[in-house]
Amino acid sequence: MPLPEKNLLAEESSPYLLQHKDNPVHWRPWSAAALEEARTLQKPILLSVGYAACHWCHVMAHESFENQPIADAMNRYFVNIKVDREERPEIDQIYMAALSATGEQGGWPLTMFLDPDGNPFWGGTYFPPEQRYGRPGFLQVLEAVKSAWTDKKDELIRSANALDKHVRSRLSPRSSGTVEAPRQTLGALASNIHRMMDQDRGGLRGAPKFPNAPFMRVLWLDALLSGEPVHANTVCESLKAMLSGGIYDHVGGGLARYSTDDDWLVPHFEKMLYDNAQLLQMLCWAYGRTGDGLFRVRMEETVDWLLREMRIEDRAFASSLDADTSGVEGETYLWDEAEIERILGNRSASFFETFSLARPENWEGRPILHRRSHAAYRDDTTETALRDMLDELLAHRDRRPQPQRDDKILVDWNGMTISALANAGRALNREDWIAAADKAFYFVCESMEDGRLPHSIRDDNRLFPGLSSDYAAMISAAAALYQARNDAFYLSHARNWHEQLDSWYGDEEGTGHYLTAQDATDVPMRIRGDVDEALPSATGQVIEALLALSVLGGEVGSDRLSSLVERALARAGTLTYGQAGIIHASALAEQPLKLIMVDDPSGSRFIPVANRTIDPRRFDIVVSDSGRASPLPDGVEIDPGTPAAYLCIGQTCLPPIHTSEELERALKQH
């Protein structure tokens, strides 16, 4: 039965798709029915991919998709499919890889033209309605593609088949060849990354500047493994730079997605959950290493923002906040000096001793608040006074129109946030943060069906099946909460998710996992999920999750883990970019640290030391006097009635540690 000739997005749950439900374009959501329509009509597909917080997606929607003549051309010539890249990242990855293969720069909105079988033959990103910015007008593009399809269909189909074959070879490669040891691979990558770093301003050289958490994680782990501090110092200085710039919301907390300049000053104002989950995790590590009050305060501010603005009904976390407010980029976040002086009165002079307002070249909005000239933590008294003034500005700002929130709950992003919150709660002794992580965990558990995780949750809608990244992130979340709460309940869920992961996502040879489940019926190809984006690849996340389950619960054998690592590294060797997640996870798996603690009844001897020195390599287990610890690698016996700590590095355990001072020294040395 043919689909109706109208816009079909009104029944969707994705806020991004609902933003387009009133367009005159006959949009279809991605589905088997939409693909069948294209095959039946033998029309090419116009695929448009974006996300709710994307500024240029909004621009193209207003300029082109609300434009009747453009919509008429789209409806005449194409089957038009709209995709939320966050809801369907596997679709986005496939067609973004196709665009990159044509030599074009990727980004969103992604605009791709496909043959009726879903194979891509040409595309781009944002197109203006008329020719400008050196780009053709969108109506021009539509007419040109239609003409090419009419006159050169066979040629376009051959091109589409070749491009499809290329994408399959890149996103679903087989493991082949030999690989170096993970530690050497990590060291080489860390050295390459360090050469690309901006030693004056932090982050990678040039503009725009992204936080790039996968690269930062590689530098951090290499510093821990090598004992050389230079890479860790680079990470800390990058954090200080970005957290003093306009990319960080000094008034309300939280990091924007990127800065458009090379000094972290002018943000692209959308705030993404995954960026801030990764920031929070990095701050845990940096604060544990340095004790710098700046990292502690930014942790507190970021968690306050997460709990205040991103939590839905006191449970799980929304995906993002929009870049625009009432159609104006960043409008909620901008200030005039006179406005701040009016709110703060005679205290404004001391406020501007630390903070500045900037209107850089080519920035047309009101000034941006930052403290680039005072990036370092000042002192407790000054920072507390500044925070009090910022809270007054926040109360004033809350009365302004606010950016739209994409309130769909993505399971993998929530898993990352749960892990970061649990670790931050341990690091700063904030049980309320751990409780918030626990509530989000329970919410995701309650959203399962037949033991399987969804990928996206909004209101009563669940998008099944989930992705391998959902299972990986939730296994890691369970591991983080287990270490925070010492409750086997979390590991029981992790074991179930591991079984589901292997059953539905494992490859035919038992050497890895696909991103999509075997019963996902509307994907054009099953891809591995090996490539990093702004967060580590699904494969990297799977390795880290199974490592945690191996060390904490013993369910994943070392041979199995070694095989996954070897095959993933072999595939990563074929990639030209995006390998950091696999390399980082593989190096972690090579020699993890395991800390077993039999503490005093008060839990005050060893546990606080472990909590304030969170280490990505280390997994912590607390044994009560009535409990049993899993066996240690070299047969060391644990007396559950005698306080002691046992630190194992790979397959070697140190002698029992009996004082908190000894444990502190051992953790710093290893």
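A few ground rules: residues are numbered from 1 along each chain as its sequence is written, and side-chain values use heavy atoms, with hydrogens and water left out. Since this is a prediction, local features need pLDDT of at least 70 and side-chain atom pairs count only at pLDDT 80 or more, while totals for chains, interfaces and linings use all residues.

**Cores**

Let's start inside. A nonpolar core here is a set of buried Ala, Val, Leu, Ile, Met, Phe, Trp, Tyr and Cys residues joined through side-chain atoms within 4.5 Å. Buried means under 20% relative accessible area, exposed is over 50%, and partly exposed sits in between (1.4 Å probe, protein chains only). The largest such core has 167 residues, and those with the most contacts inside it include M74, F138, L142 and W497. Helix α18 (residues 468–485) gives the most to this core, with 11 residues; helices (H or I, at least four residues) and strands (E, at least two) are DSSP runs numbered from the N terminus. There is also a second, separate core of 30 residues, and L110, L171, M525 and I527 are among its members.

Zooming in on L142, and leaving aside neighbours within four places in sequence, its contacts are L46, I70, A73, M74, Y77, F78 and F113. Contact means heavy atoms within 4.5 Å.

**Around β4**

On the pairing side, two strands pair if DSSP finds at least two bridges between them. β4 runs antiparallel to strand β2 (residues 45–50), joined by five bridges, and pairs in the antiparallel sense with strand β5 (residues 120–124) over four bridges. T111 is the bridge partner of S48, and T111 also has G124 of β5 as a bridge partner. The β4–β5 hairpin has five residues between the strands, and there G118 takes a positive phi near 90 degrees.

**A four-stranded sheet**

Elsewhere, an open sheet has the order β6-β7-β8-β13, with antiparallel pairing. β6 (256–259) and β13 (405–406) are at the edges with a single partner strand each, so one side of each has no neighbour in the sheet. Three bridges link β6 to strand β7 (residues 267–272), with S259 partnered by P267. Helix α11 (residues 273–290) packs on the sheet and touches β6 and β7, its direction making about 85 degrees with that of β7. For that angle, axes are lines fitted to C-alpha atoms, for helices over the stretch in contact, and angles run from 0 to 180 degrees between N-to-C directions.

**Salt bridges**

The whole structure holds 50 salt bridges, each being a side-chain nitrogen of Lys or Arg within 4 Å of a carboxyl oxygen of Asp or Glu. Three of them are tabulated here.

| Pair | N to O distance |
|---|---|
| E544 and R217 | 2.4 Å |
| R347 and E392 | 2.7 Å |
| D600 and R605 | 3.0 Å |

E544 lies in helix α20 (residues 538–553) and R217 in helix α9 (residues 213–226), so this pair ties together parts 327 residues apart in sequence. Both E544 and R217 are buried. R347 counts as partly exposed at 31% relative accessibility, and E392 is partly exposed with a relative accessible area of 31%. R605 is partly exposed too, at 25%.
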